[in-house]
Structure formats: structure tokens, C-alpha cells
Amino acid sequence: MKIGFIGTGVMGTPMVQRLLAAGHQVTVWNRTPEKAQPLHAFGAEISLTLADVARDVDALMVVIENGTAVRQVLLAPELLAQLKPGQTVVDLSSIAPEDAQDIARQLATRNLFYVDAPISGGPDGAEAGTLAIMAGGDAQAIERLRPAMECMGRLTHVGPSGAGQTVKLLNQTISSTVIAAVSEVMLLVQRLGLDPVQFRAALTGGFADSKILQIHGKRMTERNFVPGGHVRTFLKDLNNAATIIAGQGLNFPVADLARSYFAELQATGHGESDIASIIAVTEARNP
């Protein structure tokens, strides 16, 4: 396939590399052009304009930071002018479900398909091609793109437009509670003088094991907070999830507590750090 790809950050770059390795032709565009340039060495064509990235492509993929940015890009007149009826736009970003539904409606007026397909698995999953991809939208459009999408991970069609984003927010809710618990346990491991490497190894394969324990538990011990997933974007997702929970009239104190950790991180200047930096809040609450 010939694919236009918008957004070459920590997630987009390895995803493009996976597509290229599978033999797809990929043209990339990034708001900061120098971030896209290294992909030229892997065979990507670098577009200097938003219009060019969508010219004569079979599908357009985008993975950028938030709903406002997604709207600015996908509804830009110069981009829309290049898209032809029947083409599919795949939004791999994490945005509010209502934003996804609204974008889908607007693109449908031009006879364009819109698939909201947020991802989970972090940069490691993007590099390995093991991302969880939660897709909402037209079933036939999703199936047409499955060969390309499955270069990057496991694709699941979860429902109509907006459903992908909803499932991603549920994913983030679970992840937030687990990483909060892991931060508390890793602090206890430290206070007890246990070996954190042996501790994680001992739990491997058991009910308490998880990627969060293995990856972020290691990051916590090493104080490695170089962002794979930023606190600010994670908190954005948790706030969107909280809106859904409140809209259902539900009271979820565990989710609220976990979200408070990330709100505190953001408020204390850790918005650009990796989400493993939650350990700093746990430590501050346990001097």
C-alpha cells in the first residue's frame, strides 16, 4: 500500500519503520520537519507540506498528541483537497470519543472513511510490532487496512466510530491503577532492602505480573523517566475517562486515586516525564 503518515514522535517513528519493513510505501509529515528526516534513511519519503503527505495515497494514518491537534490536521482544507472519495483516514491518536465521532461525521460528508484506532503498548510495542490497536468505525474499511495495520500490532474492531477511543480510555484507567500499585510496592521493596531485579523475576508469570511491573517497575528502580509515554498525555486520557465515568453516574474511587497521582505529577512539573515518574508522588506521600 501507499500510505501517508502524519506524526513521527516516539510512537510514530517506529510504526513507520514497521510499515516500511513490511514493504509499504510511506510518505511522512511532521509539524517539526527535522523529526521526520531520520526516516528517509529507512526508505520513507519526507513531505514538506501537509497537502503532499495525502497526495495519491491508499490510506492516511495519523498519530499526534490531542483532539485539537487532530482536528487542525485532518480538517485542514489543503489536506482534504487531496483526499478522494472512498479513502480511509486512520487516527491512531488518543482523543475523546466525542471528538472521534464528530471528525467521522465531517469526513463522511466528503465520502471519506474515518477509523479511530488508538494504540497501547508504548515505544517498545511499536518497535516490536506488538501494539494493541483498538479500532472503531466501518468494518469493511478496517478490514481493507488490516494487512498494513497488523504490521504494527494486533488489530481488534471494537465497534462504531468512537468505540476505539472509548476502549483506549478504559485501557488507560486499568493501566493507571496498576502503575500506582506498582509504585507503592517498588517503594516498599526499596525500604525492605530487597533486590528489585529478583523481586520482578520472582513475580514473572504469576497473577501479579504485568508489563507495567516489568517495564515501569524497572524504570522506577533506575530512575529512568525519559518519556516513552508522557505524564501530560496520560493525564489527558485519564481526565477523558473520568468524564465518561461521571457521565454514567458511577463512583470509582480507585480510578480517582490513581488519577490524582498523575494530576499531582503534572502540577509539580513532571508533565514531560515518563509515567514511571509516579514513584516520585508515592515517595512524597511517604517521606
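Predicted model: local features only at pLDDT ≥ 70, side-chain atom pairs only at ≥ 80, totals over all residues.
Most residues other than glycine have a negative phi. Arginine 223 is partly exposed, with a relative accessible area of 42%, and its side chain meets that of glutamate 283 in a salt bridge with an N to O distance of 2.8 Å. Because glutamate 283 lies in helix α14 whereas arginine 223 lies in the loop between α11 and α12, the pair ties together parts that are 60 residues apart in sequence. Glutamate 283 is likewise partly exposed, at a relative accessible area of 22%. A positive phi, of about 60 degrees, is also found at asparagine 111, which is not a glycine; asparagine 111 is placed in the loop between α6 (97–108) and β6 (113–116), and counts as exposed at 53% relative accessibility.

The count of salt bridges in the model comes to 14. In one of them, arginine 71 pairs with aspartate 102, the closest N and O atoms being 2.8 Å apart. Arginine 71 belongs to helix α4 (residues 67–74) and aspartate 102 to helix α6, so this pair ties together parts that are 31 residues apart in sequence. Both partners are partly exposed, arginine 71 with a relative accessible area of 25% and aspartate 102 at 22% relative accessibility. A further salt bridge joins arginine 232 to glutamate 272, with 2.6 Å between the closest N and O atoms. This pair links distant parts of the chain, 40 residues apart, with arginine 232 in helix α12 and glutamate 272 in the loop between α13 (253–267) and α14. Through salt bridges that share partners, Arg71, Asp99, Asp102 and Arg105 are joined into one network. Arginine 232 counts as partly exposed at 23% relative accessibility, as does glutamate 272, with a relative accessible area of 48%.

Aspartate 237 is placed in helix α12 (residues 231–247) and is buried, with a relative accessible area of 3%. When residues up to four places away in sequence are not counted, aspartate 237 touches Ser94, Lys168, Leu169 and Gln172. Glutamate 127, by contrast, is exposed, with a relative accessible area of 53%, and is found in helix α7 (residues 122–128). Leaving aside neighbours within four places in sequence, glutamate 127 is in contact with Pro14 and Arg18. From glutamate 127 to threonine 32 the C-alpha to C-alpha distance is 22 Å, with 95 residues separating the two in sequence.

Definitions and conventions
Residues numbered from 1 in each chain as written. Heavy atoms only, no water. Helix = DSSP H or I, 4+ residues; strand = E, 2+ residues; numbered from the N terminus. Buried < 20%, exposed > 50% of the residue type's maximum accessible area, 1.4 Å probe, protein only. Contact = heavy atoms within 4.5 Å. Salt bridge = Lys/Arg side-chain N within 4 Å of Asp/Glu carboxyl O.
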